[in-house]
Amino acid sequence: MALYVKAAAVLGQLEGKRGSVKTLVYNSGHKNIKQLFALVCETLKYTSVLNEIIGTTDLLKEKKLQMNVAKVLVYDLLFGKGLKCGGSWKALIMKHRSQLKSALARLKVKRKVSRNEDLIETKASSKEACQLPRYVRVNLLKSNTEDVIDYFKREGYTYLGQATSIADLRQLDQKQFISDLHLSELLVFHSKTDLHEHFLYTAGHIILQDKASCLPAYFLNPPVGSHVIDACAAPGNKTSHLAAILCNKGKLFAFDLDTKRLATMGTLLLRAGVTCHELANQDFTLVDPSNPKYQDVKYILVDPSCSGSGIVNRLNQLTDDEESSSTQRLQALASFQCEALSHALRFPNVERVIYSTCSIHHEENEDVVEEILQQHGNRIRLVNLMPSWPLRGLDTFPEGPWCIRATPNDTLTNGFFVAMFEKQLGEKGSEHSRESSAEGVISLPTAGLTPLSISEQKPVASSLFAQSRKAKLKKLKKRKVKSLQLV
C-alpha cells in the first residue's frame, strides 16, 4: 500500500509543479526507488487513458478514494503486473474490476486498436520518434573492453567489430552489438536490449550511459593523477567516467546541492570502484577558488541544471506546458549556467573547462558560451572540438560552430551540447595538447588498472562468469531459505 500512497503523492506534486519526476521520486523516501519510479512513469504515460476509463465507472463514488490513488491502482490492474497490495484498496478495485475491464475494451474498439500501448497518446516530434540504441560504457576501473566483449559473445551476442559510421549503429539487430566509432570504451546494442539486471551492470563492470553524456569527460580528458572538479555532479555517471580516465589517481572533487541525489551518487561510485573522489553537499558557486585544497585543480567539468529539453522519452513532457520552455525560465537557467561556468574559470590554476547541457535551446548553449567569452576577454579561448563531428554549434557568433551539438536524428543520441574553454597560456605544449584532444578517438589510459581475475593465470572473462555464477547461486539460496521460512 505504501507504494501506491507514494506514487499518488508524486503525481499530486507534479500537478502542482513542485519538481521533476526524477527529483520528486528520489525525494519521496520510498525504500524501493526503482519500483516507484517505474510506477509513476507508466501511470503518466497512460494518464489520459486512465482518466477516460475511470470517468466511465463508479470508482470515484467510493469514499476516501482520490483520483491519483485510483490512477495508480487501476494502472497496475489493467496495464501493470497486477495489484501489489491487499486490504481495503484491493477489495475496492476488485469490486469494480469487471466494470474497469469493460471500459478498457470499449475504449480499444472506439480507437480501433488491439494493443494497450497503442492507446498512449504521444506528442509528435522527430526527437521522440527516434529509437536510440543502448549505449554501454565499459568501466575501465574494473574491466577492459576486450574482456567485456568476450563476455557478451559467450552469452550468445554477435559482435560486429568497430563501427565506421552512424549508419552502422542504426542497423543493429537484437543480440548484436558493435564498438562505437568515436569512443573506444563504448559498446552499442539494439535499442530494446535491457541490461539493468545483467551481472556486469549490477557488479559495476559496465555503466549504462548515453553516448552524448560520455562526451564531456571524454573531451576534458585529464591526465592520470590530475586534480579535477565535477561542479554539478549528481547522479554521477560523468564523475565515474572521469575517475576511469584518471585511473583512480589524483583527486576528483564532486559537488552537488541535492542531498538525496548525492547519497545515490555515492552508491553508484562505490559500485563502480571509484576511490579518488571527495563528495561535497555544497553549491559549487559558493566554493572558494582560493582555498589551498583546490590549488592543483586544472580541469573542471560544468554540467549544470538545464531544461533537459534534449532528453529522448523525457517523462516531464507529460507534465510540461508552454511555461516549461518559456523565455523567462530559459533566461533564469542561463543566468545560473553563466554563473557556474564563470566561477569555474576563477580557479587560479585551471587550464581547461568543459561546459555541457542536455538542452536544445540556444539560450542555454551558444548564448551562454558567447556571454562567457565576452566576460573573460583574452584570458580564455574556445577550442574547436572534433572538427569531424557531424553536428556543429549554431553560428550565432563567430566561434559558435567550434562547439558541438548532438541530436537523436543526426548522432543517434540524446540532444546535447558541449563546449570547451582553455586558459590563454601561450605555451607550445598547451597548443599541442589542445589539438590532440580535440580530434579523433582519445585513447584513455589503462596503466595501473586492477584486473578482474582472482588469479593472474585466469582470463578476466572467465572470472566474470565465475562471479556471475556465484551471484546467481547466492540469490537461489536466499529464495530457498525464504520459502522454508514461509512453510
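Arg261 touches Lys22, Ala234 and Pro235, leaving aside residues up to four places away in sequence; contact here means heavy atoms within 4.5 Å. The model is a predicted one, in which local features need pLDDT of at least 70, side-chain atom pairs count only at pLDDT 80 or more, and totals for chains, interfaces and linings use all residues. Residues are numbered from 1 along each chain as its sequence is written, and side-chain values use heavy atoms, with hydrogens and water left out.

Arg261 lies in helix α14, which covers residues 259-272. Between Arg261 and Tyr26 the C-alpha to C-alpha distance is 7.1 Å, although 235 residues separate them in sequence.

The chain contains 19 helices and 13 strands. Helices (H or I, at least four residues) and strands (E, at least two) are DSSP runs, numbered from the N terminus. Among the contacts in the chain with a separation of 6 or more, 69% are between residues 24 or more positions apart. Of the 487 residues, 51% are buried, a term for under 20% relative accessible area with a 1.4 Å probe, protein chains only. The accessible surface of the chain is about 23200 Å², and carbon and sulfur atoms contribute 51% of this area; the Shrake-Rupley method with a 1.4 Å probe was used.

Two helix pairs were examined. Two packed helices are described by the angle between their axes and the distance between the axes. Axes are lines fitted to C-alpha atoms, for helices over the stretch in contact, and angles run from 0 to 180 degrees between N-to-C directions. The axes of α4 (residues 47-55) and α5 (residues 67-78) come within 10 Å and cross at roughly 100°. Helix α4 is therefore roughly perpendicular to α5, the term for angles of 65 to 115 degrees. Residues in this contact include Leu50 and Ile54 of α4 and Val74 and Leu78 of α5.

Helices α15 (residues 327-344) and α16 (residues 366-376) have axes that come within 10 Å and cross at roughly 45°. The two are therefore oblique to each other. Ala334, Gln337, Cys338, Leu341 and Ser342 of α15 meet Val368, Glu371, Ile372, Gln375 and His376 of α16.

The mean pLDDT (the predictor's confidence in each residue, from 0 to 100) of the chain is 85, and 82% of its residues reach 70 or more. Over residues 123-129 the pLDDT is below 50, and this stretch has 11 contacts in the model beyond near neighbours in sequence. Where pLDDT is low, the predicted coordinates should not be read in detail.

Terms used:
Buried < 20%, exposed > 50% of the residue type's maximum accessible area, 1.4 Å probe, protein only. Parallel < 35°, antiparallel > 145°, perpendicular 65-115°, else oblique.
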